[in-house]
Amino acid sequence: MAAEPAKKPVIIGFDAEVGHTTSTSDDAIRMGILTAISEINAAGGVLGGRPLELVIKDHRSVPARGIKNIEEFAEIPDLVAVVGGKFSPVMQEEVPMVHEKKIILFSAWGAADNIVDNGHTPNYCFRLSLKDSWAIQTMLNHAAKKGAKRVGVLLPTTGWGRSCEKAIKSYLITHPERSVTTVQWYMWGDKSLLDKYEAARNSGAEAIILVANEIEGSILVKEVAGLPWEKRLPIISHWGVTGGDFTKLTGEAISQIDFSVVQTYSFFDNHREQKLKQFYKTAGQLFKISKPEDIPSPVGMAHAYDLTHILALAVNKAGTTGRVRIREALEQVRNYDGLIKSYPRPFTAEDHEALEPGDLFMSRFRNDGAILRIRE
Amino acid sequence: MPRSIARKISLAALSLTMAVVLTLGLASYLFTRHTLKEQIEEKLSFEAALVSHRLEARLDNINNDMRNMSANLIVVNALIDSAGREMYVEPFLRSYRLPRNIPCLLTLCDFSGKPIISCKGAEKLRQYSDEPLLTQVITNQRPLARLEKKGTESHLLIAYPVFYGATGKAEGFLALELPLIPLVSGCLPDVPGRDGHIFKLSGASGEIWTTAKDRTSILSTTSRFKTQAPLDQLALTLTVGQSTRQAYAPLLTMTAIYLAIGAMVLVLVLGISRAMGKKLTAPLVALTKTANQVTKHSDPTSEITVTSLDEITQLSSSINTMLNRLQESHDSLEQRVTDRTRELQALNEKLAEEVTERSLAEAKTREYAETQAVLLREVNHRVKNNLVAIISMLHQEEDRAREKGMREYQIRVQEVVWRVAGLLTVHRLLSSSEWKPLPLNQLCESVIKETLKGLSASRTMRLSVSPSEIRVDSDQAHSLAMVLNELSTNTLKYALRERDTASIAVSIGQQDNIIELTYQDDGPGFPEPLLRGDFSDSGIGLTLVNGLITRNMQGTITLTNDNGGVARITFPATVPEPAS
């Protein structure tokens, strides 16, 4: 009996900061996608047996390269969607090109609200991650719980920072009892954030709301840890810092300050044991992952894993690799039992956010880098 | 045309002065020109160094600005920022100012050369996506500087890579574009061209800009810029020059003044030299006048009177002495001429007498010669007439003998007629040659032909006589005429007895002083006794022949037969052989 000819693969693109020297979020997202692909292909693939295949392009966190990558992805036959990386500014700039080429763009990490809330109809952007307005809300609520009604804010001078600023302003409208004493903008590449921290502290801030990635975040942590105890304000951080090996960058300093970070998922307190078991089985085969500590930037891997499964369902539902049909099918997928949670209807025509504000929680770093949920 | 010594002195003085003036002038001109050139070149070199230094400083400042700006976090951040970066990058770029407010375009580009934002905002964005630029700035991650031509203007483009710290790579670049000429002009002196200086800026590909309108005849010095990388790639050089016309203007003025002074000096020298020449040559003029007078009147007794005390006085004294000596020589010569004239007159008289006598003698001689010639002609004429008369009479006798049937007699008479005719022939030849020696071949031919006239028309006798220059005197001619007559008569008688054609061949030769004449016919030959030299039984003819040769000519005759009769006659030559 002759072997059946190999079926043409269905392509998923991954556009991320592969060349970024400190980022681990791209690795996490890649592993999450590949773990899901492995399971899907093992189960017979999509569209009646066609395997899924991942094609990776590096944008180095530079928006211009991301746009070029989207143009190149558009030329690949049977490409059904592109999954973006950590950097919101890249995806923010990709949005127009994504709609021009009719490419489905998934955010598995990028949090800027306007990646999905982009005003395009039909909207080709979907997200299985948090968004800045939710993160800011969670972070400010956490500050309030810590007794800090007045906070100082440190934002990067990027689209991500501006997205967060907008979220803060929105939050303050609904929470007039809380206040932001100052907003300090820093540049990516700044060698010190201490002056901005001091400016915030001097403005009367009781806590610092930090929007940063691992490099700038680690600089601030080390600088604050160097201050006297009385000058060390609690730092409530957006999750960009978890996109790299943060504790390696901060060293002991992380344990010397009050540092918390927003998250959407933790492998340490997952109650979906069956799903987790299946995940570890597959990921263990692929990446020798057997426990939470083995997973870098865990939210990225979890988001990507669930997102890929949802995409596969949509492809099968669409019955084609045509992206217009798949985009419509994504809005029709129902009842996916995922790793993070069960998704009765991950996306609808009106809502392209698979998670919701209630999925967010605050965490802290253990000295070994593990991110643990803070029980409040 | 002779020239006066005064004029020669003037010319010499003028020439010498002119040579000195020209030599000094030329030397001064060359020295001044050399010095002036060195000064100008030093000045130009200083100017070039000054302007180059200013321009280098400005270019290096701009280059440093670009290096610093490209490393500025505002610029780096803008590469990865999306919506909103124009709020801080554009003011940052716009805040950059070039010296003297030179307009420029400062643009931040992404890795593909696509402009992100410029100092002019979004209204003026230029794509910098050419391969060499991207290769240098993005791939090689090194700054670039190059010149670009925009219409007639040259623009300087400096591009610096913008490094993104998170990747450590160039993810974009900052491009500064500015017109080069205003930048260069700003470094020139306050009033370019005030000193007539010409500025030229050149790059690796040739001339970029110049203030020169006319590039011929320019003194110049070039200064190479020592700019930092990447501006050193431009290989900029600045040439500062000055037109030679303007540079050497002072030299021209100096030359004009010098020429004017030189001309005045020459005029002055001419006047002085002419005056001095006249003064110096005045005694000589007086001397010349006296000499002319002596010459004109041939009066060497004249005395030259000169009052000066120099060499001319000595010369005058010498000439006076010379004139005295000349007068003495003249007198002596006159006496000798008179004596000689007298002697010549006596000789002339004697010569005249001798001439008269000789003329008379010559007249007598001529008269005698004429008489002799007349006499000779008369004798010749009479001898010829006599011989003709004898022949005529012999013919009458022959006719009578024929009428009477006296055959034998008739033959004898006829033979006599032939012999006389032979004598007549030789007489005619001698007469016409005035009895001078006759050519022997002509004699033989004439005599034999005369004999052959008696041949009847039905018979033919071929005659050949060898050519010869040998001549014989009149005696030998007479004897030989009779001998040849006898021999040819014999040939007629015997060679044509039984046939109508015969031949005679005569050959002439000479061995030393002996002439040899060989007569040969093709007849029956001579009888035997004759061959032995016995002429006793021969006829009168051969006997006569033998006698004529042996007695009259002191010769010999030998008869032989060789297909006919052969008579070999030898006799001494009396006439010298003609010169060859």
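Is Arg126(B) buried, exposed or partly exposed? Select Arg126(B) and you'll find it partly exposed, with a relative accessible area of 23%. Keep in mind that this is a predicted model.

**Stop 1: around Arg126(B)**

Glu148(B) sits in strand β3 (residues 144-150) of chain B and Arg126(B) in the loop between β2 and α4 (131-139) of chain B, so the pair ties together parts 22 residues apart in sequence. Glu148(B) counts as buried, at 12% relative accessibility.

**Stop 2: the hairpin in chain B**

Pick residues 105-110 and 115-118 of chain B, strands β1 and β2, which run antiparallel and are joined by three bridges. Thr107(B) stands opposite Ser118(B) in β2(B). Four residues lie between the strands, and Gly113(B) takes a positive phi near 90° in this hairpin.

**Stop 3: where B meets A**

Show both chains. The contact takes 21 residues from chain B and 22 from chain A, and the area buried between them is about 1800 Å², with carbon and sulfur atoms giving 57%. On the chain B side, highlight Leu73(B), Ile80(B) and Phe111(B), which lose the most area to chain A, together 30% of what that side buries.

Color α2 (73-80), α3 (86-94) and β5 (169-179) of chain B, the elements that give two or more residues to the side touching chain A. Of these, α2(B) gives the most, with five residues.

Stay on α2(B): six of its eight residues are buried, so the helix is largely enclosed by the rest of the structure. Ile80(B) and Val76(B) are among the buried ones. At the start of α2(B), a side-chain oxygen of Asn72(B) reaches to within 2.8 Å of the backbone nitrogen of Ile74(B).

**Stop 4: over to chain A**

Select Arg50(A) and Asp78(A), whose side chains meet in a salt bridge (2.8 Å, N to O). The pair links distant parts of the chain, 28 residues apart. Last, pick Glu214(A) and Lys86(A), another salt bridge, at 2.7 Å, N to O. Glu214(A) lies in helix α8 (residues 214-225) and Lys86(A) in the loop between β3 and α3 (88-101) of chain A, so this pair ties together parts 128 residues apart in sequence. Both Glu214(A) and Lys86(A) are buried.

Terms used
Residues numbered from 1 in each chain as written. Chains lettered and ligands numbered in written order. Predicted model: local features only at pLDDT ≥ 70, side-chain atom pairs only at ≥ 80, totals over all residues. Heavy atoms only, no water. Contact = heavy atoms within 4.5 Å. Buried area = accessible area lost by both parts, 1.4 Å probe. Pairing = 2+ DSSP bridges. Buried < 20%, exposed > 50% of the residue type's maximum accessible area, 1.4 Å probe, protein only. Polar contact = N/O pair within 3.5 Å; in protein donor to acceptor, adjacent residues only side chain to side chain. Salt bridge = Lys/Arg side-chain N within 4 Å of Asp/Glu carboxyl O.
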